[in-house]
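Visitor: I have a model open and would like to talk through it with you. Could you take me around, starting wherever you like?

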Amino acid sequence: MAENFIAEAFTLLAIALVAIALRLYIRVLTVGFRKLALDDYLMIWAGCLYAAETVLAYAVGVFFHGLANSGMTPEQRAGLYMHRESGGAKEEYRLRTKGSQNQLAGWLTYTTLLWTLKSCMLTFYSRLT
């Protein structure tokens, strides 16, 4: 299942980056490099954010084995915290802590990406009128 997610995530990233590159290539051909507008630069930023989001999602699955603190009951959290210094619980505590931090970074990157794309559409439409 994880292999399917990895293949899908990076395939979608590749398609998005090709679409962004094609869009910029056509814009440079039609208006020139000096007349690129704000929405063109926002698309470059969106491509970078989407790449970062994909890498963060990949890291949660591969490096942290999909472990985070989401979906845990308060009792499970307390039990994990109480036994964080012992053998296997220490490793699970580390994976869940780092996985949660990575997951939070992914959520923030995703939110920033959405608002960047909204801003891009807004500036594009304002340029048309």
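**A walk around the model**

Guide: Bear in mind that this is a predicted model. I26 counts as partly exposed, because its relative accessibility is 45%. Its place is in helix α1, which covers residues 2-31, and together with L22, Y25 and L29 it makes a nonpolar surface patch of about 440 Å².

Visitor: OK, and the inside? Which residues make up the largest nonpolar core?

Guide: That core has five residues in all, namely I20, L24, L42, M43 and C120. Helices α1 and α2, the latter spanning 38-62, each supply at least two residues of this core. Leaving aside neighbours within four places in sequence, L24 is also in contact with D40 and I44.

Visitor: Switching to charges: how many salt bridges does a search of the whole structure find?

Guide: The search finds six. One of them joins the side chains of D39 and R127, with N to O at 2.8 Å. Since D39 lies in helix α2 and R127 in helix α4, this pair ties together parts that are 88 residues apart in sequence.

Visitor: What about T116, what does its side chain reach?

Guide: The side chain of T116 reaches the backbone oxygen of T112 at 2.7 Å. T116 is found in helix α4, residues 87-128, and is buried, with a relative accessible area of 8%. Not counting residues up to four places away in sequence, T116 touches L42, W45, A46 and L49, and L42 is itself one of the core residues.

Visitor: Last one: where is H83 found?

Guide: H83 is found in the loop between α3, residues 74-82, and α4, and it is partly exposed, with a relative accessible area of 48%. Apart from neighbours within four places in sequence, H83 is in contact with A89 and K90, while its C-alpha lies 8.6 Å from that of Y93, ten residues apart in sequence.

Technical notes:
Residues are numbered from 1 along each chain as its sequence is written. This is a predicted model: local features need pLDDT of at least 70, side-chain atom pairs count only at pLDDT 80 or more; totals for chains, interfaces and linings use all residues. Side-chain values use heavy atoms; hydrogens and water are left out. Patches are made of residues with over 30% relative accessible area and no salt bridge: like charges are joined within 9 Å, nonpolar side chains (Val, Leu, Ile, Met, Phe, Trp, Tyr) within 5 Å. Accessible areas come from the Shrake-Rupley method with a 1.4 Å probe; for residues, only the protein chains shown count as cover. A salt bridge is a side-chain nitrogen of Lys or Arg within 4 Å of a carboxyl oxygen of Asp or Glu. Helices (H or I, at least four residues) and strands (E, at least two) are DSSP runs, numbered from the N terminus. Buried means under 20% relative accessible area, exposed over 50%, partly exposed in between (1.4 Å probe, protein chains only). A polar contact is a pair of N or O atoms within 3.5 Å; within protein, one must be able to donate a hydrogen and the other to accept it, and residues adjacent in sequence count only if both atoms are side-chain atoms. Contact means heavy atoms within 4.5 Å. A nonpolar core is a set of buried Ala, Val, Leu, Ile, Met, Phe, Trp, Tyr and Cys residues joined through side-chain atoms within 4.5 Å.
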